Each structure stands twice: as structure tokens, then as C-alpha cells.
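Here is a guided walk through one model. Keep the coordinates open and follow the residues as they come up.

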Amino acid sequence: MATTAKNYTPGIGIRKPIRMIVLHSAENQQLPGQAEAIVKYFASKDAPQASAHYAVDNKIVAQSVDDEDVAWAVGVWAANLESISIEMTGQAAFTAEQWNNAYSKSMINQVVGLCKRLGQKYSIPPVHLTVGQIIDGKTKGYATHADITAAYKVMGGHTDPGPNFPLQTVLDLIKG
């Protein structure tokens with residue numbers, strides 16, 4: 001796969017070993033074709049100064065940035081260098097019920113499958129990183145965009161995928 005996103009950095013010579021998988025909510029609607037729409041948006045002439053490695057909806061996983069390249073995903077360059085970011089269809093404001101509807105359950109199953117593959121490829125255990133582990137530069141695991149914002153004290157940073165996102169359920173499903 002060749003990176004299609006407009007805004008990213010080629011990883012040759014700068015990419016650090018991947019130690020984190022960062023989960024985001026794309027702040028979009030639960031509609032068919034959202035993963036492909038996100039990838040097309042990141043590739044468009046109107047693309048934001050952002051990108052992600054993968055986009056996931058209830059049916060597919062689409063890749064926008066090669067794993068070897070650096071996505072402009074978390075707002076902290078050091079964290080971008082050592083992470084893979086996954087944009088999930090949904091919103092940070094979703095309730096627990098919205099994260100548990102049929103669309104979200106199917107999307108989460110897609111995310112779990114992707115995370116199992118990435119976790120195996122990069123030896124990343126299905127554990128939720130603490131703030132200290134996020135900034136230590138060595139501990140492997142999972143974080144949300146909100147966790148990165150908290151760890152690096154990003155002013156005006158992101159809160160996704162939100163407090164009601166079932167992160168522990170996702171990690172338990174990855175453990176299998």
C-alpha cells in the first residue's frame with residue numbers, strides 16, 4: 001500500500017519503533033462507507049493538517065498512511081513518531097448506548113481485528129497505557145487521543161473517543 005494522505009511525513013530515517021496504538025473517533029456519522037470517505041478526505045486538496053494510518057467503519061478497514069510513515073494524528077510529534085493511529089466512525093460525545101449499537105459493535109469488531117494484526121506485528125500488548133507510560137518512550141500498549149492530550153498537556157487538545165468509549169471491552173476482545 002502506498003500512503004495516500006496529503007499530509008504525513010515519510011518515515012525513512014525518523015520513524016521510531018512503533019509502541020503505541022492510538023484510538024480516535026472521527027467525529028462523523030454512523031453511515032455506510034465512512035472509512036473510505038475518511039481516507040479520501042485525508043487525500044483531498046482540502047485535507048486538514050492531519051492524517052491517520054487507518055480508518056474503520058462497520059464494514060471495512062481502510063489504510064491512509066503506511067505503517068512505516070508518520071501520520072499527523074495526535075498533535076504531539078514525539079508521539080506521532082512512535083504510534084499508529086486508527087480513526088473510528090463515531091463521536092467523542094457518544095453515550096455508552098451509542099457505542100453499543102449495532103453499527104458500533106460491527107465497527108469495534110473491525111477495530112479488534114485490525115488491532116490483533118497490528119499488536120502481533122509490533123508486539124503491542126492489549127493494555128491501556130497510563131500517562132507516565134505514554135511519555136516514558138518505551139512502554140508498549142494502547143492509548144486514546146484524549147490520553148495523549150492529557151499526557152502531553154496539549155492546550156485545547158482532543159477528548160476523543162470520549163469517556164463512554166468502551167476501551168476496556170476493546171482491549172478484552174483483543175486479548176481474545
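Which backbone nitrogen does the side chain of Thr149 reach? The side chain of Thr149 reaches the backbone nitrogen of His158, at 3.0 Å. That is a polar contact: a pair of N or O atoms within 3.5 Å, where within protein one must be able to donate a hydrogen and the other to accept it, and residues adjacent in sequence count only if both atoms are side-chain atoms.

Some ground rules apply. The model is predicted, so local features need pLDDT of at least 70 and side-chain atom pairs count only at pLDDT 80 or more, while totals for chains, interfaces and linings use all residues. Residues are numbered from 1 along each chain as its sequence is written, and side-chain values use heavy atoms, with hydrogens and water left out.

Stay with Thr149. Thr149 sits in helix H5; helices (H or I, at least four residues) and strands (E, at least two) are DSSP runs numbered from the N terminus. Thr149 counts as buried because its relative accessibility is 12%. Buried means under 20% relative accessible area, exposed over 50%, and partly exposed in between (1.4 Å probe, protein chains only). Leaving aside residues up to four places away in sequence, Thr149 touches Val154, Gly157 and His158, where contact means heavy atoms within 4.5 Å. Val76 is 73 residues from Thr149 along the chain, yet their C-alpha atoms are separated by 8.4 Å.

Now the interior. In soluble globular proteins, nonpolar side chains tend to be buried together. A nonpolar core here is a set of buried Ala, Val, Leu, Ile, Met, Phe, Trp, Tyr and Cys residues joined through side-chain atoms within 4.5 Å. The largest has 25 residues, and Ile21, Leu23, Ile86, Cys115 and Leu118 have the most contacts inside it. Strands E2 (20-25), E3 (54-56) and E6 (83-88) and helices H3 (102-122) and H6 (167-175) each supply at least two residues of this core. H3 gives the most, with eight residues. Leu118 touches Ile21, Tyr54, Asp67, Ile84, Ile86 and Ser123, not counting residues up to four places away in sequence. A second, separate core has 21 residues, among them Ala62, Ala73, Ala79 and Ile134.

Next come the charged pairs. The whole structure holds five salt bridges, each a side-chain nitrogen of Lys or Arg within 4 Å of a carboxyl oxygen of Asp or Glu. Arg19 and Glu82 form one of them, at 2.9 Å, N to O. The two are 63 residues apart: Arg19 is in the loop between strand E1 (8-9) and E2, Glu82 in the loop between helix H2 (77-81) and E6. Both are buried. Salt bridges link Arg19, Glu82 and Asp136 in a network.

Compare Asp172 and Lys175, which meet at 3.8 Å, N to O. They lie three residues apart in helix H6, so about one helical turn separates them. Asp172 is partly exposed, at 41% relative accessibility. Lys175 is exposed, at 51%.

Last, the rings. Three aromatic pairs are found. Rings of Phe, Tyr and Trp (its six-membered ring) pair if their centres lie within 6.5 Å; planes under 30 degrees apart count as stacked, over 60 as edge-to-face and the rest as tilted. Trp99 and Phe165 are edge-to-face because their planes meet at 85°, with centres 4.9 Å apart. Trp99 lies in the loop between E6 and H3, and Phe165 in the loop between H5 (145-151) and H6. Trp99 is buried at 1% relative accessibility, and Phe165 is buried at 8%. Ring pairs join Phe94, Trp99 and Phe165 into a cluster.
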